[in-house]
Amino acid sequence: MFENRICAVDFCDRTAAACLAQQAFCVSHFIELCYENLHRIDPRGQSAGRMPLSLPTLRAFVEECSRRALDVALHCRDLDNLQRGRLLDILLWAGELFLLLRIPRSSFADSVLPESSPVLTGLAARHF
Ligand SMILES: [Zn+2]
């Protein structure tokens, strides 16, 4: 699926292994982006200066992140143990957030995100 494609991150020439928000990334950058964005949407770590995104958009990101992480874990042959551990961590974190997103709490429904998140902005663009 990703044959002959390289990572979308500037100056990275590694082969793409996963897609997120319609962009292909190498395993390392995929893991990095998942962590970065899960951290941003986790209500337990919210900070000021974020833009509002709807619950369906947040759910869509968490679902995509989880599905892609599972795909990489199952189909990528060159993973080391640290990458496997991180993919499992992403799956567990996404699963936890997915449950939190199903709780009808206004504080979480009003979750907001930093404006400087190209992956989430790209995802939001697909849903609006
Ligand atoms: Zn990369």
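Residues are numbered from 1 along each chain as its sequence is written. Because the model is predicted, local features need pLDDT of at least 70 and side-chain atom pairs count only at pLDDT 80 or more, while totals for chains, interfaces and linings use all residues.

**Exercise 1. Overview**

State how many helices and strands the protein has, and in what order the elements run.

Step 1. Helices are DSSP runs of H or I with at least four residues, strands are runs of E with at least two, and both are numbered from the N terminus. On this basis the protein has five helices and four strands.

Step 2. From the N terminus, the order is β-β-α-β-α-α-α-β-α.

Step 3. A residue is buried if 20 or more other C-beta atoms lie within 10 Å of its own, exposed if 12 or fewer, and partly exposed in between, with C-beta atoms placed from the backbone. Of the 128 residues in the protein, 32% are buried.

Step 4. Two residues are in contact if their C-beta atoms, placed from the backbone, lie within 7 Å. Among contacts with a separation of 6 or more, 63% join residues 24 or more positions apart.

**Exercise 2. Helix lengths**

What span should helix 1 and helix 3 have, and what is the distance between their end C-alpha atoms?

Step 1. The expected span is 1.5 Å times one less than the number of residues in the helix.

Step 2. Helix 1 has 15 residues and should therefore span 21 Å; its end C-alpha atoms are 21 Å apart, in agreement.

Step 3. Helix 3 (residues 81-102) has 22 residues and should therefore span 32 Å; its end C-alpha atoms are 32 Å apart, which also agrees.

**Exercise 3. Packing of helices 1, 2 and 3**

For each pair of these helices, find the angle and the distance between the axes.

Step 1. Axes are lines fitted to C-alpha atoms, for helices over the stretch in contact, and angles run from 0 to 180 degrees between N-to-C directions. Angles under 35 degrees count as roughly parallel, over 145 as roughly antiparallel, 65 to 115 as roughly perpendicular and the rest as oblique.

Step 2. Helix 1 (residues 27-41) packs on helix 3 at about 30°, with the axes 10 Å apart. The two are therefore roughly parallel. On the helix 3 side, the contact includes Gln83, Arg86 and Trp93.

Step 3. The axes of helix 1 and helix 2 (residues 55-75) cross at roughly 150° and come within 11 Å. Helix 1 is therefore roughly antiparallel to helix 2. Helix 2 contributes Leu58, Phe61, Cys65, Ala69 and Val72 to this contact.

Step 4. Helix 2 and helix 3 pack at about 155°, with their axes 9 Å apart. This pair is therefore roughly antiparallel as well. Among the contact residues are Leu55 and Arg59 of helix 2 and Arg84 and Phe98 of helix 3.

**Exercise 4. Positive phi**

Where does Gln22 lie, and is Gln22 buried or exposed?

Step 1. Gln22 is in the loop between strand 1 and strand 2 (23-25).

Step 2. Phi of Gln22 is near 65°, a positive value in a residue other than glycine.

Step 3. Gln22 has 12 other C-beta atoms within 10 Å and is therefore exposed.
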